[in-house]
Amino acid sequence: MAADQLEWDRLPTDITHLELQSMAIASDGTICVANSSAGVFKSVDGGRTWTETDFPARADAVLHPAQVAVTEDGTLYVATGTVIARSTDRGETWTYLDGLPVGFEIASLAISPNYVEDGTVVVGGNYRDNQILRSTDGGESWESVFEGAATDIEYAADLSALAFSPDFGSDQTL
């Protein structure tokens, strides 16, 4: 290397110093954790070592906590702020899913237990976007399935948690 050239590299992130905002465990035991300002990390050895997945989006960790979910086939979904992305190769590459309404701030994320058959993903909005959006094609397109009352009271009506019934395939309960 010439004296006038510099090489830059990012220091590895020590996840023991992060506020982990979300965690999901894949059927093969892979653990995925997320922090909106640091990214998404995975462990294939029960949490002894961690690898950064190069999740491309970052957001304010306080205002926009990260959400992570994994399907039974290993597809990984991560949302933070107004961004949701999908990885079909355990976090090696990411695809932005851009069909959400412009500016929609994601407060929660859930995956159908029958995802391989139905491709269903849902996201809940924050107090300004008090609605639930559903995709039945793996996040390619979205439709509103619940709209709550809008409010100017910050954090008064976030849809901060969503869960599918384990029998969603037959009872269709979210």
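Val78 stands opposite Ala85 in strand β7, where strands, like helices, are DSSP runs numbered from the N terminus (E, at least two residues, for strands; H or I, at least four, for helices). The model is a predicted one, in which local features need pLDDT of at least 70 and side-chain atom pairs count only at pLDDT 80 or more, while totals for chains, interfaces and linings use all residues. Residues are numbered from 1 along each chain as its sequence is written, and side-chain values use heavy atoms, with hydrogens and water left out.

In β6 (residues 76-80), 5 of the 5 residues are buried, so the strand is largely enclosed by the rest of the structure; buried here means under 20% relative accessible area, exposed over 50%, and partly exposed in between (1.4 Å probe, protein chains only). In a regular strand the side chains alternate between the two faces of the sheet. In β6, Leu76, Val78 and Thr80 point one way and Tyr77 and Ala79 the other.

Pairing is assigned when DSSP finds at least two bridges between two strands. By this criterion β6 is joined to β7 (residues 83-87) by 5 bridges in the antiparallel sense, and to β5 (residues 67-70) by 4 bridges, also antiparallel. The one between β6 and β7 has 2 residues between the strands, with Gly81 in the turn at a positive phi of about 65°. Overall, 4 strands form an open antiparallel sheet in the order β5-β6-β7-β8. β5 and β8 (95-96) stand at the edges with a single partner strand each, so one side of each is left without a neighbour in the sheet.

The structure holds 3 aromatic pairs, defined by ring centres within 6.5 Å for Phe, Tyr and Trp (its six-membered ring), with planes under 30 degrees apart counted as stacked, over 60 as edge-to-face and the rest as tilted. One of them joins Phe55 and Trp94 edge-to-face, at 4.9 Å centre to centre and 75° between the planes. Phe55 lies in the loop between β4 (51-52) and β5, and Trp94 in the loop between β7 and β8, 39 residues apart. Phe55 and Trp94 are buried. Another pair, Tyr77 and Tyr115, is edge-to-face at 5.9 Å centre to centre, with 75° between the planes. Tyr77 belongs to β6 and Tyr115 to helix α1 (residues 115-118), so this pair ties together parts that are 38 residues apart in sequence. Both tyrosines, Tyr77 and Tyr115, are buried.

Most residues other than glycine have a negative phi. Asp54, however, has a positive phi of about 65° and lies in the loop between β4 and β5. Arg90 likewise has a positive phi, of about 60°, and is found in the loop between β7 and β8. Arg90 is partly exposed, with a relative accessible area of 27%.

Arg90 is also one of the residues that line the largest cavity, together with Ala26, Thr30, Cys32, Val70, Gly74 and Leu76.

Terms used
On a 1 Å grid over the protein atoms alone, a cavity is a set of points where a 1.4 Å probe fits but cannot get out, and a pocket is an open set with protein on both sides within 12 Å along at least five of seven lines; lining residues have an atom within 4 Å of a point.
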